[in-house]
Amino acid sequence: LLAPTLTVTPDRHAFTGETVRLVCLTEYYSGWTYWFKADTYLYVSQMPDHYTVNGNILTIRRATVSDAGQYQCRGYVDGTIFQYGGSYSPQSNSVSLIVKDLKPKPELTSDLAGAALTGNTVTLTCRMDLSTGWDFYWYKHTLNSETKTETNSYTVKIDSVSDGGQFWCRAGRGKPVYYTQYSDALWVNVTVSPKAVVTVRPDERVFRGETVTLRCDVKWEGNTEWTYRWEIEETSNWNRNTVDRCTKECSNSRTNNQKHRNSVSWCSTQEWNISSVKDFNSGNYTCTGQKNTQCSQCSDAVTLTVSAEAQAAVRVSPQPWLTEGDSVTLICEVTGSSTGWTFSWFRDDDHLSDSSRGAGGSYTLSPAALQHTGVYTCRAERGRPAFNTNNSSTQPLWITGVSPSVSLEVSPSRSQHFSSDSLSLSCEDQSNSAGWTVRRYTDRNTEDCSKQTGSTCRIVSLSTSDTGVYWCQSESGEKRHPLNITVHDGDVILVSSVDPVIEGDTLTLHCLHRSTNSPILRADFYKDGSLVQSQTTGEMSITSVSKSHEGFYYCKTERGQSLHSWISVRASYSGQISVFNILSFLLAACPYLLSTVVLLFKCYRARGQYIQQISQDAGVSG
């Protein structure tokens, strides 16, 4: 026969008051089991009252220290099994039962060194001496019942400050359950979790090739060092569940590096630099801060948009045609972006060093002078290293002198011309016209007039490509008297003066037809898109013009419509000239006035001396 196997539950290490069961397992059991303690047979009749034998099970209820010892068993097999009669099995293995007099008390610990943050979890551990078979019971002062777990750890979800407080634990095992003492109370302090904030430099809208810096900040009082976790998700997949997942990702980062479809997340530093951004860097960025096992609230999403090449654009206010002394402002803007840019300005491709004029994207000329005439472009830059936009499109600026010493004479003398007609332009200098040439600016570039003899340019057959601004330029680069010339391939043009109209004078406009080369009698005249006059005389006149009459004019007839022409009104300077002349006269006359005063004084003094001499002579005679 094989020896029986003796087992003990719940464990051979028992505590006073606990119930212990010894089970004797034999190969052939016929109902009799014999028990031994310290090699001494235990008679059932002599067993203590708290011992109970039920078949092959010996139960010790409310164990005491005296129950400790070495236990064995053996079974009896009667003759019905073996022909040669009944037999006893060998003795079982020896089991050492240890009964401790002190009721155990577990230790309750937390995985946190400080306060818990809302939105996180806290793991509590109920620590016991080495033994088996225990279940664990968790108690909080605000709850009426205990929570049971099979392991000695318990996770508390911290949704609000009220989820903190005092916690206890104890262990229990067996049937009936034997409970340990309660642990000492453990305080779980809870603080509202701070929210992370994402900032982007230079802007949330950037362009390919720029350097972008994303920064994650957690406002927290104290010296806690945070680590940071970033997440980017494609814009098309963004939804309101992302914040929940962001918090979940922070928790997962303690154990794994879980990835999501269409999103990328990883632990990183506080500042995340992306050099030379590409289209695929577009997306919604969030971050969380993590200290130990606790995470901050997930930041709000910041959408980073990467656009195509950055393009600067320039515009002018109030308009590009000026008289010297006027004020004008050029505005440079970056299409689709307005943050963090500084601007550079160029005139005729030369960099303008007076950057103070260009502060904030505006370049102001006040007062405008003749030398400011030219073609302007701008460029913007931002960031480190510097990122530059493409240069803007060109913006011409034309300043006309009050009394130009050099004038550009146009024949026929009008601003609009028919295609295929001829045109003559000549620079006239009051002193000497030599050294001046006619130059022009068209949509293509800045160039000399194509057919030029001396200071005169002749175009035999005009085309629309000849539309542009023409001016006189000296050998030293001075620009004088710019005029706008428009070539129309339609049947109707507007006849107006090529020069600005003097304030107070009369403005006269004609509507001319190509075939007759004479004014059309019935015509409608428009200013800035609004009808001004309907005439049957073929011309429109405005007497005593003022600055309010400046604008774009055109005419319309049943035969067609002209192009638009800018009519500029120049202030009259006669009053200022008169004052200047008077002052000049007085300054010039001062020497003569002074001489006269001296002469009169001498005459008066001589007269006084003469009268005094006469009086003295009369006294002597008397």
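R480 sits in strand β47, which spans residues 479-488. Strands here are DSSP runs of E with at least two residues, numbered from the N terminus. This is a predicted model, in which local features need pLDDT of at least 70, side-chain atom pairs count only at pLDDT 80 or more, and totals for chains, interfaces and linings use all residues. Residues are numbered from 1 along each chain as its sequence is written, and side-chain values use heavy atoms, without hydrogens or water.

R480 touches L370, V406, W436, W471 and C472, leaving aside neighbours within four places in sequence. Contact means heavy atoms within 4.5 Å. I399 is 81 residues away from R480 in sequence, yet their C-alpha atoms are 8.2 Å apart.

S568 lies in the loop between β56 (565-567) and β57 (569-570). Residues up to four places away aside, S568 touches P500, V501 and E550.

Both residues have a relative accessible area and a side-chain polar contact to list. Buried means under 20% relative accessible area, with a 1.4 Å probe and protein chains only. A polar contact is a pair of N or O atoms within 3.5 Å; within protein, one must be able to donate a hydrogen and the other to accept it, and residues adjacent in sequence count only if both atoms are side-chain atoms.

| Residue | Relative accessible area | Polar contact, side chain to side chain |
|---|---|---|
| R480 | 16%, buried | E478, 2.8 Å |
| S568 | 10%, buried | E550, 3.3 Å |

Elsewhere, three strands form an open sheet in the order β21-β23-β26, with antiparallel pairing. Strands pair if DSSP finds at least two bridges between them. The edge strands, β21 (196-201) and β26 (271-274), each pair on one side only.

Methods: Helix = DSSP H or I, 4+ residues; strand = E, 2+ residues; numbered from the N terminus. Buried < 20%, exposed > 50% of the residue type's maximum accessible area, 1.4 Å probe, protein only.
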